Amino acid sequence: MAFLHYILAAVFLWESTVLAQLAYNETEVCYDVVGCFNNSAPFNNTNGVLPKSPEELDARIWLFTRDNKATADVLNYTDPDTVKNSHFDPSRHTKVIVHGFSSSFEKTPWIFRMKNKFLVKGDFNVLAVDWSKGATLPDYPQATANIRVVATEVKLVLEIMQDQGLDLGNVHIVGHSLGAHLSGFIGNLLGPNVIGRISGLDPAEPSFLHYTLPVRLDKEDAQFVDVIHTDGSPFNLLAGGYGLMLESGDVDIYVNGGEKQPGCVDGIGGLLSSSNSSLENSVACSHGRAHDIFLESIDTTCNFTAYPCESFDKFENGECFTCGAEGCSSAGYNADLGPRTGKFYVDTHHSPPFCGYPYHVKVVPNPTQPNTTGLIYVSLIGTLDKTDFIPINSKNKKLNGTWAISTNVVYQTDIGVVTGVQLKYVKDVGFLGGLFGSSSTNTYSVASIQVMSPSAAMWASSCRGEFNLLDKQPLDVATAAGRSSDPCTVIG
């Protein structure tokens, strides 16, 4: 199964970057009810590929409510009676869920879970849009073209609902990847700022990066557009980068910087190292983290607080742990409760639950520390509890006496007031597990450590001395309130 997934992933990546460059001879197709579609600018992002017919796509629009949680009402854009005779209630707010490439409602667990969570959260009409027959591997360019027809079908269903009393301002569409741009098409077809809200979950980058606004999701597609970015690193055949880093909404939230997610190995590397049978989770882990975070945000008591900041570098340096005059946003479901515009950053834990307790950690090395390579792990000790160990630097980054490690860390445990830190250094064993030796030192020497808790707006610091970390051996370091470090009277 893993080998088959490898082949499918390779074909998909090749298709989206090479085969998509071939031009098709057709310039326009027309279908009953949904209308005509051409491939001229700005809709030249599929390199000539035109959408398939509604009959070929066989998109299904299902309605779930609290009165029919398990058995869907099937809605048809050509038959208003399918809406009239369903469990649809125009007085309810309406949620619409749209999947992306190589997904489906019935076989993609996060979509099914989102439907169920929405129905627990509120008395909603929940529409699930399954366009899986138009989003199949390996033809990404075709899927990109198909979203225009599917969007038109959903738009027509919403207009039938509007005729039966629905306020389009009470419609909230949630779309992932290609589904995010499909959601934008729905909003665009209904008119600027008509739909109440669209949540774009890591909108797809391939075929959208250099194209104008009518083609991709943008802030005029709804009254409020919030976007979660999780996989915005440059698109690479071997390493992922399926998400669009470009600001696309009223509120853009960059999770862990928006390029790559902790705990993920993306692209072919993720495929080869994963035992997960899901192609999305093994190849596009960072890309899928966007819907994981939105899912968690629906019913968690933890708030994915997202801070306004000019850049991720400043955020990771601890310069933006304040909500300022405009306030902070929240990644996911509650994004509409905060500021209505801006660029925000939030860090998460590396495994679920992703929401947690953020801290800024700064480890200052001794100036005499020679060059080495390895991971520095930090565990925080507090008045209430102790956290697990989390690495605070990247595996391949050089360590020496010049470069301090200054970063944000998210723990799953509320420890209260920080009273101490436990440090651990694990040296890099080198090529082939150290078979040919390692240039890493057996010791990493730290001069001081500082920790800031944004929720408490408090700093805690060690004294300034020499804390020698032996390979793989944890060392406890006491801290005191405040940021300035006095010299240690006893060297650890």
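Is Asp486 buried or exposed, and what is its relative accessible area?

Reply: Asp486 is exposed, with a relative accessible area of 58%. Here, buried means under 20% relative accessible area, exposed means over 50%, and partly exposed lies in between, using a 1.4 Å probe and protein chains only.

First, the ground rules. This is a predicted model, in which local features need pLDDT of at least 70 and side-chain atom pairs count only at pLDDT 80 or more, while totals for chains, interfaces and linings use all residues. Residues are numbered from 1 along each chain as its sequence is written, and side-chain values use heavy atoms, with hydrogens and water left out.

Back to Asp486. It sits in the segment after strand E24 (480–481). Helices (H or I, at least four residues) and strands (E, at least two) are DSSP runs, numbered from the N terminus. Leaving aside residues up to four places away in sequence, Asp486 touches Cys463 and Arg464. Contact means heavy atoms within 4.5 Å. Asp486 and Cys463 are 23 residues apart along the chain, yet 5.2 Å separates their C-alpha atoms.

Now Glu205. This residue lies in the loop between strand E8 (197–201) and strand E9 (224–229). Glu205 is buried and has no salt bridge. A salt bridge needs a side-chain nitrogen of Lys or Arg within 4 Å of a carboxyl oxygen of Asp or Glu. For charge, Lys and Arg count as positive and Asp and Glu as negative; His and the chain ends are not counted. The nearest side chain of opposite charge to Glu205 is Arg216, 11 Å away. With residues up to four places away in sequence set aside, the contacts of Glu205 are Ser233, Phe235, Gly241, Tyr242, Gly243 and Leu244.

Next, the disulfides. The structure holds 6 of them, each a pair of cysteine sulfur atoms within 2.5 Å. Counting bonded cysteines along the chain, the pattern is 1-2, 3-4, 5-10, 6-7, 8-9, 11-12.

Take Cys30 and Cys36, whose sulfur atoms are 2.0 Å apart. The S-S torsion of Cys30 and Cys36 is about 110°, so this disulfide is right-handed. Cys30 is partly exposed, with a relative accessible area of 46%. Cys36 is partly exposed too, with a value of 46%.

Cys264 and Cys285 have sulfur atoms 1.9 Å apart. Their S-S torsion is about -60°, so the disulfide is left-handed. Cys264 lies in the loop between strand E10 (251–255) and helix H7 (267–273), and Cys285 in helix H9 (residues 285–299), so the pair ties together parts that are 21 residues apart in sequence. Both Cys264 and Cys285 are buried.

Finally, the largest pocket. It holds about 1,200 Å³ of space. On a 1 Å grid over the protein atoms alone, a pocket is an open set of points where a 1.4 Å probe fits, with protein on both sides within 12 Å along at least five of seven lines; lining residues have an atom within 4 Å of a point. Points are joined across faces, edges and corners, and the volume is the space filled by probe spheres set on them. The largest pocket has 34 lining residues, of which Pro262, Pro391, Ile392, Asn393 and Ser394 lie nearest its centre. Strand E18 (405–411) is one of the elements that supply at least two lining residues. E18 gives the largest share of the lining, 6 residues.
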